[in-house]
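The sequence and structure come before the description.

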Amino acid sequence: MIDLFKFEELLTDDEKMVRDSVRSFVQARVMPLIRDCWREGRFPKELIGEMAALGLLGSTIHGYGCAGLGQVAYGLAMQELEHADSGVRSFVSVQNGLVMHPIHAFGTDEQKNHWLPQLAQGKAIGCFGLTEADFGSNPGGMRTTARSDGTDYVLNGAKMWITNGTIADVAVVFAKCDDRIRGFLVEQGTPGFTTREIQGKLSLRASVTAELVLEDCRIPLRNALPGAVGLRSALECLNRARYSIAWGAIGAASACFEEALEYAKNRVQFARPIAGYQLVQEKLVEMWNEINKAQLMTLRLGQLLERGLEDPTPISVAKRNNVKMALQAARTAREILGANGVVDDYVSMRHACNLEAVYTYEGTHDIHTLIVGQALTGIAAFS
Ligand code: TGC
Ligand code: FAD
């Protein structure tokens, strides 16, 4: 993509190296199979080991066999993954921000030593259970409970729409314990813990989404995450995943832009390439313009995160802006492709379908509007 703002100059050599190695992996390993995975509704589990070898799991954690990347390098890696497909980026975002981060930030040394090395190597997979069928935007209302009973906690309830749910070895589950939200580690195979894959998705088809059911599910007291107390701890994990979505959406938008530009230069109607018509140029310029703005904003966000960002509102600004931008870019690219745009030999409509879910998860577009609205006005308008 033409780099009029010299974005490249703003990146360090290490950041460019991470981006370029993930880009090569995506071209060589993800692109050849992602269309068929999406058709089949199958997550490409066979890529997990290679993603681990690239340092993509637990990327920003130091120690435990993790890569210890900076936030910008991590973000650029997410951009490259979602250039291929939002489902692949989702897998990595969840493993990083919603599983390894809470274990690292809120867990005991025993939990960290047990789980982080295997999660980093892709030998174990995790998922994050916050949402319930009746409590999506308002997770604080959750009904899942945990009560202590001798040497155990007993969990009851159900979590809905959980990425990686049926393939996870460990679930980070939030439940109310004596009226306080707390985080727990529930291992696959624990009696009373079952999972069910949600079928019929028209979005994120190359990603596993599941329901988690907890029926008198007993876990040892040592499986509570001691630092994960209060809704704040769950929302703090979301900051990480929302940041990775902000970058990922730029990747999806770029893939659509590149496809539309190439197509428009080659597609001839009325004896000229359609790229020569003003209406088509306006669409391409708008896409390119918004992608560049999003990249500059999100790079700045990554730099702020690296030095420690106290107020998470800019993460909401970026998630909200970039996903909306990417969804619009994907729809516009599909339009430029004409009838060809509705088949999956082209990527734009697959991205558009995926981005519908990305617009909703990790805080809907509306919820992020209200978070930013609250920051601007000082008035919470959630209820
Ligand atoms: P509220 O009273 O505002 O906040 C409760 C406590 O949390 C603090 N807080 C945050 N802390 C860190 N980071 C943030 N982003 C925070 N936002 C709020 C807040 O200061 C307070 O702290 P304290 O100490 O006073 O207790 O809570 P509320 O119940 O009014 O809700 C606020 C709201 C609506 C913004 C929040 O509930 C929300 O963000 N809702 C959206 C839910 C959501 O995003 N769910 C995502 C589920 S995971 C997912 O979708 C994974 S998809 C993954 C993939 O495949 O990529
Ligand atoms: P609702 O909260 O019911 O919202 C419905 C509509 O009402 C939305 O348009 C919303 O913006 C609007 N709305 C809600 N409240 C307000 C308000 N106060 N003011 C104005 N408008 C409002 N969750 C997890 O915990 N873990 C996961 O791994 C996970 N993965 C997911 C993967 C996929 C593919 C999907 C689709 C979802 C996933 N989720 C996950 C759940 C996701 O976070 C929720 O779907 C999301 O938070 C929205 O909740 P909801 O679907 O219940 O919608």
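## Basis

This is a predicted model, in which local features need pLDDT of at least 70 and side-chain atom pairs count only at pLDDT 80 or more, while totals for chains, interfaces and linings use all residues. Residues are numbered from 1 along each chain as its sequence is written, chains are lettered from A and ligands numbered from 1 in the order in which they are written, and side-chain values use heavy atoms, without hydrogens and water.

## H8 with H7

Helices are DSSP runs (H or I, at least four residues) numbered from the N terminus. Helix H7 (residues 278–306) and helix H8 (residues 313–336) have axes that come within 10 Å and cross at roughly 155 degrees; axes are lines fitted to C-alpha atoms over the stretch in contact, and angles run from 0 to 180 degrees between N-to-C directions. H7 and H8 are therefore roughly antiparallel (angles over 145 degrees; under 35 is roughly parallel, 65 to 115 roughly perpendicular, the rest oblique).

Residues in contact (heavy atoms within 4.5 Å) include Leu284, Met287 and Leu301 in H7 and Val317, Met325 and Ile336 in H8. The contact of H7 with H8 divides into 15 nonpolar, 4 polar and 3 charged residues. Here Ala, Val, Leu, Ile, Met, Phe, Trp, Tyr, Cys and Pro count as nonpolar, Asp, Glu, Lys and Arg as charged, and the others, Gly among them, as polar.

The axes of H6 and H8 cross at roughly 20 degrees and come within 8 Å, which makes H6 roughly parallel to H8. Their contact includes Ala249, Ile250 and Ala253 of H6 and Ala326, Ala329 and Ala330 of H8. By class it has 19 nonpolar, 2 polar and 2 charged residues.

Helix H10 (residues 365–377) packs on H8 at an angle of about 140 degrees, with the axes 9 Å apart. H8 and H10 are therefore oblique to each other. Among the residues that make this contact are Lys319, Arg320 and Lys324 of H8 and His365, His368 and Thr369 of H10. The contact of H8 with H10 divides into 4 nonpolar, 5 polar and 3 charged residues.

## Second largest pocket

The second largest pocket is lined by 17 residues, and Met1, Arg23, Gln79, Glu258 and Gln295 lie nearest its centre. A pocket is an open set of points on a 1 Å grid over the protein atoms alone, where a 1.4 Å probe fits, with protein on both sides within 12 Å along at least five of seven lines; lining residues have an atom within 4 Å of a point.

H1 gives the largest share of the lining, 4 residues. By class, the lining has 4 nonpolar, 7 polar and 6 charged residues.

Key: Helices (H or I, at least four residues) and strands (E, at least two) are DSSP runs, numbered from the N terminus.
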